[in-house]
Amino acid sequence: MSHTAGSSISASLNQLTVNETHSSAPSIKSKAREMDVEKQNKPVDAAPEAKPRWWENKSLEDKPLDGMYGWAVVISGCFMLMFSMGCVNSYGMYETHYHLDQFPDEPVSTLSWVGTLQFGVMNFFGIPAGIMCERFDTRLVSFTGGVIMAIALIIASFCDDAIWKLIITQGIVFSIGAALVFIPSTSIPSQWFTKRRALAVGIVVAGSGIGGLWLTPATRAMIDQLGTPWSLRITGIIIFAVNTVSSLFMRSRFKVQSREKVVDFSVFRDIRFSLIFMGAICGTTAYFTPLFSLPSFAAQVAGKSDDFGTNLLTIINAASTLGRIGTGEVARFYGNINTMATCTLVSALSILVLWLPFQSGGTLIACAIVYGLFCGGFIGLLPVVMADLWGVQRISTIIGLLYMANFVGTMVGAPSSGAILDNIGDGINYKPTIIFSGVFMLGASLFFMMLRFATNKKIFKRV
């Protein structure tokens, strides 16, 4: 009896074990299938990321935003623009010497091409410079730019027999190096800031105004005492030294992944980019007319001395430096796009209200102060607005695209302004030229107003 009961219990246990084995088999198979699916769906880039090569950017996203390293980038960018753009702003000293002493038989229009190409080619080369900032270490890019600028000026110091050699060296080659410095200096600081981004970029671009303030009289003193060749050589050596040290800190915060399209022109399908692009064309078309024409207007029309005209240019540069920094702080409370649109509007009014109807010294000084303050804000806020709208990771190439607009505006504005003065104003009537500049600056303000409402339609919103 007990033997029969034991056999029954044993058989029941065996049957239970078999049933459990059969019931668990499907779950084991399903788990195996799930593991296979997970392996198939596992992303390819989950593998350990390859170590960047020595010429590539390294990710520094672990470093804090709005921190000390960001301010080191800002100071470096300020010094780099001080000498690159400062040389562009001080070319007038060289042009005067070339016209009076070195190339007296060359027309002024030919000599002016050196200065025009310096700014124009620098903006035109913005796209390849932006691509290089994504593909290579930005420290290497900015260092290379400093080397090219220094070599260009040193070679130009030996080109005293033909103006075409200066156009190539001091004009084109120098501006290619300046682009490799200008693009990282104006784009990288935005990556290191969120709260103080406008102020940071404003300080950087103020470097060009500071450079124009002191480098112009320094260049004039070197030319008078040492001659043009040594002035170019000394400037080239200083650029190499300052840029070499500054470029050590010009590090991108992101390592941008490579993509199939070298330049992504699809951004033009965004109405906001088209509006800011057209606004930049109009703004830069108008921008240089007061800088080039206000001093000569003071001498020819207002009957002031040449020193008074030179002082007006100094006032514009000084006010522009303050404007680029000050509008960065104002933009924190008023909004970057709102501030930029206001800056271009007030700049246009300073041309059309203070310059066009008056000829007195007081109104010319007032025009120089107001125009300098607000046109500086327009220049300083462009990179900040680009970072706000399209992010900071690919800001270098986007800013490079935008500066193509500056190239168009530069190549259209300065020659057209001179042609209007010569052909319509007979060389002495500045009113058509002043209207030309004021209307284009007003057009820039209109495009930026449209950008503001394309971004946010609420009237009282800080944008």
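The structure is a predicted model, in which local features need pLDDT of at least 70 and side-chain atom pairs count only at pLDDT 80 or more, while totals for chains, interfaces and linings use all residues. Residues are numbered from 1 along each chain as its sequence is written, and side-chain values use heavy atoms, with hydrogens and water left out.

I begin with ring pairs. Rings of Phe, Tyr and Trp (for Trp, the six-membered ring) pair if their centres lie within 6.5 Å; planes under 30 degrees apart count as stacked, over 60 as edge-to-face, and the rest as tilted. Across the whole structure, a search finds 19 aromatic pairs. One of them joins tyrosine 91 and tyrosine 98, a tilted pair at 6.4 Å centre to centre with 50° between the planes. Tyrosine 91 is buried at a relative accessible area of 3%, and tyrosine 98 is buried at 1%; buried means under 20% relative accessible area, exposed over 50%, and partly exposed in between, with a 1.4 Å probe and protein chains only. Tyr91 and Tyr98 also belong to one aromatic cluster with Tyr94 and Phe103.

Next, phenylalanine 268 and phenylalanine 273 form an edge-to-face pair, because their planes stand at 90°, with the centres 4.9 Å apart. Phenylalanine 268 is partly exposed, at 29% relative accessibility, whereas phenylalanine 273 is buried, at 0%.

Finally, I turn to charges over rings. The criterion is NZ of Lys or CZ of Arg within 6 Å of the ring centre and within 35 degrees of the ring normal. Arginine 233 lies over the face of tryptophan 230, 4.8 Å from the ring centre. Arginine 253 has its charged end over the ring of tryptophan 192, at 5.9 Å from the centre.
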